[in-house]
Each structure stands twice: as C-alpha cells, then as structure tokens.
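Please read the following report alongside the sequence and the coordinates.

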Amino acid sequence: TAEKRVCLLAACVLEMRLDGCIKVEQKQIRVVKPLPERLSYFKPLYDFLYEKSPIKIIKMLDAYNISLTDKKFQELFCSLGDSLCEKEVAERCKAGLLSKKGYRPDREAVDTIIEKMKKEFNGKGKLSDNSAALLTLLDRSHHLGEYVEKEEQKRMLDYLNTASEAVNGQTLRQQIVYIQQVLSTLSLTSAVPKK
C-alpha cells in the first residue's frame, strides 16, 4: 500500500538525516554531505535527492510513490533488499505474478530486533532513537499488531509519547514529528486527484 511505501521512504530519509547527509526543514529535503560507504544501500534515493536538492517532501513522494513506471521505488527496494541478503538477514524470493524481485526477512533477525525494542519499552534499557522510530513506523504502516499484543501496543505508544515530551527527548520528538509530517504529506497527496 501507499502508506507502507511512505514508511519505508521515511525510514530511509530518517537514517540519512541522523547521519547528517541531508537536512529536512520546512517540508523540504536538502543534501548537505556525501553519502558514506556504509549507507550505500540508500544510493538510489540519495542520488535522486542530490540531483533535485532542495526538494519538497511531496515531490519526493510523487516520484517514488505515485509514479507510473515504479522504476525509482524498485531500484531503492532492490538496493535495500540486496544489502540485507548480503548481511544474511534476508533471502531473495519471487514476489507476485509479475515476477518482481522480492525479499523474505530472516525470522530470527526480525525477532531479535522486535525483542530489543520491547525490552527498551519495558524499561530494560535506554529507549534508543532506532526503537522509537521503529515503533512509530510499524504503528503507522499498520504492522505493529503482527509483533505486539493490543494491550502492549497501547502501553508502548503511551510510553513513547511520555518519553518524547521529556526535556531530554528532543531528538526523539524531532524524529517522530518528521515521520508524522511525511505521513501527513502522503495523506494530502493521496487525497488530491491527479491530472
């Protein structure tokens, strides 16, 4: 769905932003430094942003989410998927009737990440920016229920709100606001009929 795609894009932009490669200000993305080799799996998206910088978030979403050819999104998706396969935390598989490339995550790797997130939200360790972003993205893409029981979901989301409102939760708050801003922009884009 469109919302799942935009959550993936939001995660990519968020990681490049946290690394200092890009800045997100007033609903625009601006490239400010080269992409490091360790983040090379973002290259298709980084190159697009670099070429168009500064670019409005809505324009990026149009290019990656509402394009007729789907080429840009597939390049990014395959770059991310191939990187996960190289790290042996996913495997390639067939994805649908059109024989597009697909990827199946390693269940053990997924469980490890989810358990780490749950521990942090249960107060067994400092709440990391990664866990906060993951919870927000899973919630907004409607996948949280696959990993967390309903009662625990509410408790974790309440905890996230409290933590992000704390004085030392400024970075956390910025991330959540950024993700919500991108998702709100998507909702507006989806509501406007295309010419």
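The report below takes up a helix and its cover, then aromatic rings, and then salt bridges.

The structure is a predicted model, in which local features need pLDDT of at least 70 and side-chain atom pairs count only at pLDDT 80 or more, while totals for chains, interfaces and linings use all residues. Residues are numbered from 1 along each chain as its sequence is written, and side-chain values use heavy atoms, with hydrogens and water left out.

**Helix H4 and its cover**

Helices (H or I, at least four residues) and strands (E, at least two) are DSSP runs numbered from the N terminus. Helix H4, residues 71–86, has 16 residues and reaches 22 Å from its first C-alpha to its last, close to the 22 Å expected at 1.5 Å a residue, where the expected span is 1.5 Å times one less than the number of residues. The buried residues of H4 include Phe73, Leu76, Cys78, Leu80 and Cys85; here buried means under 20% relative accessible area, exposed over 50%, and partly exposed in between, with a 1.4 Å probe and protein chains only. Among the elements that cover the buried residues of H4 are helix H1 (2–18), helix H2 (43–52), helix H3 (57–65), strand S4 (90–95) and strand S5 (100–105), contact being defined as heavy atoms within 4.5 Å. After H4 comes glutamate 88, whose phi is positive, near 60°.

**Aromatic rings**

Six aromatic pairs are found in the structure, where rings of Phe, Tyr and Trp (its six-membered ring) pair if their centres lie within 6.5 Å, and planes under 30 degrees apart count as stacked, over 60 as edge-to-face and the rest as tilted. The pair of tyrosine 41 and phenylalanine 42 is edge-to-face, because the ring centres are 4.7 Å apart and the planes stand at 65°. Phenylalanine 42 is buried, with a relative accessible area of 3%, and tyrosine 41 also counts as buried, at 17%. The rings of phenylalanine 121 and tyrosine 159 have their centres 5.8 Å apart and their planes at 75°, so this pair is edge-to-face. It links distant parts of the chain, with phenylalanine 121 in helix H5 (residues 107–121) and tyrosine 159 in helix H7 (residues 150–165), 38 residues apart.

One aromatic cluster is formed by Phe73, Phe77 and Tyr103. The charged end of arginine 5 sits over the ring of phenylalanine 73, 4.0 Å from its centre, a charge being over a ring if NZ of Lys or CZ of Arg is within 6 Å of the ring centre and within 35 degrees of the ring normal.

**Salt bridges**

Side chains of opposite charge can pair when their charged atoms come close. With a salt bridge defined as a side-chain nitrogen of Lys or Arg within 4 Å of a carboxyl oxygen of Asp or Glu, the count comes to 12. The table gives some of them.

| aspartate 70 | arginine 5 | 2.7 Å |

Aspartate 70 is buried, with a relative accessible area of 12%, and, not counting residues up to four places away in sequence, aspartate 70 touches Arg5 and Lys100. Glutamate 91 is partly exposed, with a relative accessible area of 43%, and arginine 104 likewise counts as partly exposed, at 43%.
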